[in-house]
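Morning, everyone. Please bring up the model on your screens, and we will walk through it together.

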Amino acid sequence: MAAAFVAAFQVTDVRYAVSYYGPFLRDIPRRLGNSTVLDSAVRALSTAYPFLHTGSYPPNVLVLYGQSLRALRECLNNPVEARTPNTLCAVYLITICQLMVNIYHKSWLGKHDDSLTSHSEAIAHLLRAAALHEWKSTFEMEMVITLCVPIILEGIVNPRINMDWEIWELISSFKRRLSASRDNNRSQVTTELHHLAMFPKFVQTPEPHLPEIAKTYMQLRLDAQQIKQYLDQYAGAIPVSFSSSEVVRHSRIQAAYTMLSTLAVLLNSLLRVFDPWNASLVSEAVFLCDEIATQAELASCYRPVGAGYIPLCLVVAWAASDNLVQLARIERILSEYQSDFADVPWMSRAVWLASTLDSHRIRVISGRGAKNASVRPESCCIL
């Protein structure tokens, strides 16, 4: 079992690299044999992985996947086992396995999934229940840091995900400890994590956060412009090998630029709620949505795993745009990506986010929104 997992982790093709899902996975083999639920999840993932590039899975893959779900349900019925790092890791691996084989199923809690139920909800629930203050190993801290980012991003388009701020404080301490142990002199990601953790709150209640939204928007635009300079160096390049260091570097730079543009256009949308006639914000929104769509088309060659972040970016761009031509383009691209991970209802999330923005607009127009923001949204324009 360990050998099969190690073999999967050694694949460097950016389209199928398991390492995309987090560096902590490399430590899983040494944890095998001590947790039934983790062993079952590893067996299911390792068996399914070799067939990822074909999209056709033999019956034993589905059998092992079902066994991993059964082991997880039994584990969650044990309050002690449910709070362990191995269980959280198993949930993450089962999530990856499900994304691979595109299986519709009942949720792990026995209820039918609806349009907003997500894997991140289950992970967020276990994080809230876990005794994180007792987790001190590198594996545990790296795993939690890795999982918190998709939880935050999913929380932007899924109102059911809600994490207490104390958890983000604790996770940030994990990052500080890891950086200190590695003599990492680079700028701390702690501040970045804190900023990222605020995005769901920005979307849900923008009025109290307008000054911070404006400031963060300016910084995101500047950061995106800087990264774009590096990304432009690869313009027109055709991948010779999807395992080459240059291709891997390009995919990471492209992902960083697209995610920054996505977060920027989200904040742009919130600012336009309070200043809809700001021409600079409007033109920047059109530009950012076009950039996201363009990068989504270019990143298609890295599907399915290497471009796994793209659907969420397209969801935000769709909700942020009011240009019919642009919307049609985004919908077309999103429908292509939808075939990779069919069990995630991306358009449902897009509609929810667009409806949330509309509800803010209606509230502001009716006079129930913030009438006197301490920072004028138009002050954030930098073009």
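Let's start at one side chain. Leaving aside neighbours within four places in sequence, Phe199 is in contact with Ile156, Thr216, Leu220, Leu263, Leu266 and Leu267. Contact here means heavy atoms within 4.5 Å.

Some ground rules. This is a predicted model: local features need pLDDT of at least 70, side-chain atom pairs count only at pLDDT 80 or more, and totals for chains, interfaces and linings use all residues. Residues are numbered from 1 along each chain as its sequence is written, and side-chain values use heavy atoms, with hydrogens and water left out.

Now the overall picture. The chain has 16 helices and 0 strands. Helices (H or I, at least four residues) and strands (E, at least two) are DSSP runs, numbered from the N terminus. Of the chain's 383 residues, 54% count as buried. Buried means under 20% relative accessible area, exposed means over 50%, and partly exposed is in between, with a 1.4 Å probe and protein chains only. Take the contacts between residues at least 6 apart in sequence: 76% of them join residues at least 24 apart.

Back to Phe199. Which residues touch the most other members of the largest nonpolar core? They are Ile28, Leu93, Phe199 and Leu314, out of 130 residues in that core. Helix H12, residues 245-274, gives the core its largest share, 15 residues. A nonpolar core is a set of buried Ala, Val, Leu, Ile, Met, Phe, Trp, Tyr and Cys residues joined through side-chain atoms within 4.5 Å. In soluble globular proteins, nonpolar side chains tend to be buried together.

Thr216 sits in helix H11. Is it buried or exposed, at 11% relative accessibility? Thr216 counts as buried, because its relative accessibility is 11%. Not counting residues up to four places away in sequence, Thr216 touches Phe199 and Leu267. A polar atom of its side chain lies 2.7 Å from the backbone oxygen of Glu212. That is a polar contact: a pair of N or O atoms within 3.5 Å, where, within protein, one must be able to donate a hydrogen and the other to accept it, and residues adjacent in sequence count only if both atoms are side-chain atoms. Thr216 and Ala264 are 48 residues apart along the chain, yet their C-alpha atoms are separated by 8.2 Å.

Next, Ser261. This residue is in helix H12. Ser261 counts as buried, because its relative accessibility is 1%. Its side chain reaches the backbone oxygen of Tyr257 at 2.9 Å. Leaving aside neighbours within four places in sequence, Ser261 is in contact with Ala224, Leu288 and Ile292.

On to Gln295, in helix H13. Gln295 is another buried residue, at 6% relative accessibility. Residues up to four places away in sequence aside, Gln295 touches Leu231, Gln254, Tyr257, Thr258 and Ile310.

A cis peptide bond joins Arg303 and Pro304, with omega about 5 degrees. Pro304 is in the loop between H13 and helix H14, residues 310-320.

Of its 20 lining residues, the closest to its centre are Tyr234, Ala235, Gly236, Ala237 and His250. On a 1 Å grid over the protein atoms alone, a pocket is an open set of points where a 1.4 Å probe fits, with protein on both sides within 12 Å along at least five of seven lines; lining residues have an atom within 4 Å of a point. Helix H11 (210-231), H12 and helix H13 (279-298) each supply at least two lining residues. H12 gives the largest share, 4 residues.

Two last stops. His194 is in helix H9, residues 190-197, and counts as buried at 17% relative accessibility. Not counting residues up to four places away, His194 touches Trp165, Trp168, Glu169 and Ser172. Thr36 is in helix H2, residues 36-48. Thr36 counts as exposed, because its relative accessibility is 64%. From Thr36 to Ala90 is 54 residues in sequence and 9.6 Å in space, C-alpha to C-alpha.

That's the tour. Thanks.
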